[in-house]
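Here is a short briefing on one protein. Look through the sequence and the structure first, then read the points below.

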Amino acid sequence: MRHESRFEPRNKVALPLRLGNGAVGNTRDVSASGLFFTSDAEQRLGEVIDLSIELPGGARPLLFRATALVVRIEQCGAAVQLQGARLEAG
């Protein structure tokens, strides 16, 4: 049986994201403390990454920027725990 270590429930949300190294991907699900994303870029367990997601809606888009710790790797992507996040006006 797999141990579940999430603190908040995740919601299925598909949004394009950009990694700090310039690679792109898409979110699969998101919570207040983390998210899972797919990308062709290789991630390493324990790696700290920067990511950004442009949030749709409104007259001016918002840019969600975060530093995140890679906590799980799957064949199709990676799960990260958010370490620090902020919203910026686009």
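Leu 19 has its place in strand β2. Strands here, like helices, are DSSP runs numbered from the N terminus, with at least two residues (E) for a strand and at least four (H or I) for a helix. The model is predicted: local features need pLDDT of at least 70, side-chain atom pairs count only at pLDDT 80 or more, and totals for chains, interfaces and linings use all residues. Residues are numbered from 1 along each chain as its sequence is written, and side-chain values use heavy atoms, with hydrogens and water left out.

**Overall build**

- The protein has zero helices and seven strands.
- Along the sequence the pattern reads β-β-β-β-β-β-β.
- The radius of gyration is 13 Å, close to the 12 Å from the globule rule for 90 residues, so the protein is as compact as a globular protein of that length.
- That radius is taken over C-alpha atoms, and the globule rule is 2.2 Å times the number of residues to the power 0.38.
- The C-alpha trace spans about 45 × 25 × 20 Å along its principal axes.
- Of the 90 residues, 34% count as buried. Buried means under 20% relative accessible area, exposed means over 50%, and partly exposed lies in between (1.4 Å probe, protein chains only).
- Among contacts with a separation of 6 or more, 41% join residues 24 or more positions apart. A contact means heavy atoms within 4.5 Å.

- Strand β2 covers residues 16-19, and its side chains alternate. Leu 17 and Leu 19 point to one face and are buried.
- β2 pairs with strand β3 (residues 24-30) in the antiparallel sense, over three bridges. Two strands pair if DSSP finds at least two bridges between them.
- Leu 17 has Gly 25 as its bridge partner in β3.
- β2 and β3 form a hairpin with four residues between them. Gly 22, in the turn, has a positive phi of about 95 degrees.
- β2 also pairs with strand β5 (residues 48-55), in the antiparallel sense and over three bridges.
- In β5, Leu 17 has Ile 53 as its bridge partner, and Leu 19 stands opposite Leu 51.

**Leu 19 up close**

- Leu 19 counts as buried because its relative accessibility is 5%.
- Beyond its neighbours within four places in sequence, Leu 19 contacts Phe 37, Ser 39, Ala 41, Gln 43, Ile 49, Asp 50 and Leu 51.
- Thr 67 is 48 residues from Leu 19 along the chain, and their C-alpha atoms are separated by 9.9 Å.

**Strands β5 and β6**

- β5 and β6 pair in the antiparallel sense over eight bridges.
- Leu 55 stands opposite Leu 62 in β6.
- The two strands, β5 and β6, form a hairpin with six residues between them. Gly 57, in the turn, has a positive phi of about 100 degrees.

- Leu 69 sits in strand β6, which covers residues 62-74.
- Leu 69 counts as partly exposed because its relative accessibility is 24%.
- Not counting residues up to four places away in sequence, Leu 69 touches Gly 46, Glu 47, Val 48, Ala 79, Val 80, Gln 81 and Gln 83.
- Asp 50 is 19 residues from Leu 69 along the chain, and their C-alpha atoms are separated by 9.0 Å.
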